[in-house]
Amino acid sequence: MSLFTKRIRRAFRRYGIVGVLTFTAERAASAIARMRSSVRKEIRERRERAAAFDSTYGVDTIGRIHQVELGVKSPNQLHAVAYGASDPKYFRDAIRSLPIDYGRFVFIDFGSGKGRALILASEFQFKRVVGVEFSEILHRTALKNIEKYRNHTSRADIIESICIDASLYQLPDDPLVCYFLNPFDQILMSQVLSNIQESLFRNKREIFIVYYNPRQGHLFDQDPGFLRIGTIGPVRIWRTN
């Protein structure tokens, strides 16, 4: 018998049903308070990590920008979500977990925004790091950030940012790590997944999907061509089956 059950029984014997309800309500309120405190702590730590990242490299990747403020003229703006950048901790943990020789793989960030994930990916000795972003505003900021990052390391030379609609981007024939930070809705994600499938049909190879905040993750779960191999915090990972 658990300690909680014993306390419930004691409360019932002493105070009746009112006592039990009061005790249960107090426990629930305490649990909610702890949960809120934990969430606030996590948010505070994420903000601190983001600020430390920008401060270290002298870049500007912080902030949240609504999709209507991104200056996008493509009809697919309707399927985009607000800009936000990847938490450095969870990104590094997820990429570090991949069972790959990084030098053989091209890293592609779909919806690369201001370029934080591109800079982080360059730490892992990928063959190339490519950002795909359809907002000219975010793309220009990413180019500035990459240039500033070059002052810190030569690894920035492998980074490329392309201003293009993700649905129109043609994947290279290399083994790939495709990264998503919840960049768009199911309609556009389905188009991008279709492009990945067509690329695999033309050239069978290893492709890993690293999906942070995977709102459309069910599309990969339902695809027999991909197998989920891990979950790290808010990140899910799939590989070609």
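Mentor: Let's begin with a helix: Arg36 is found in helix α1, residues 3–57, where helices (H or I, at least four residues) and strands (E, at least two) are DSSP runs numbered from the N terminus. Keep in mind that this is a predicted model, in which local features need pLDDT of at least 70, side-chain atom pairs count only at pLDDT 80 or more, and totals for chains, interfaces and linings use all residues. Residues are numbered from 1 along each chain as its sequence is written, and side-chain values use heavy atoms, with hydrogens and water left out.

Trainee: Is Arg36 buried or exposed?

Mentor: Buried means under 20% relative accessible area, exposed over 50%, and partly exposed in between (1.4 Å probe, protein chains only). Arg36 has a relative accessible area of 53%, so the class is exposed.

Trainee: Which residues form a positive surface patch?

Mentor: Patches take residues with over 30% relative accessible area and no salt bridge, joining like charges within 9 Å and nonpolar side chains (Val, Leu, Ile, Met, Phe, Trp, Tyr) within 5 Å. Lys and Arg count as positive, Asp and Glu as negative, while His and the chain ends are not counted. The members of the positive patch are Arg36, Arg40, Lys41 and Arg44.

Trainee: How many residues apart in sequence are the parts tied together by Asp87 and Arg49?

Mentor: These two form a salt bridge, with the closest N and O atoms 2.8 Å apart; the term means a side-chain nitrogen of Lys or Arg within 4 Å of a carboxyl oxygen of Asp or Glu. Asp87 is buried at 4% relative accessibility, whereas Arg49 is partly exposed at 22%. Because Asp87 lies in the loop between α1 and α2 and Arg49 in helix α1, the separation is 38 residues.

Trainee: Which residue is linked with Arg49 and Asp87 in a network of salt bridges?

Mentor: The structure holds 14 salt bridges. In the network with Arg49 and Asp87, the remaining member is Arg46.

Notes. Areas by Shrake-Rupley, 256 points an atom, 1.4 Å probe, with all protein chains shown as cover. Charge placed at Lys NZ, Arg CZ, Asp CG, Glu CD.
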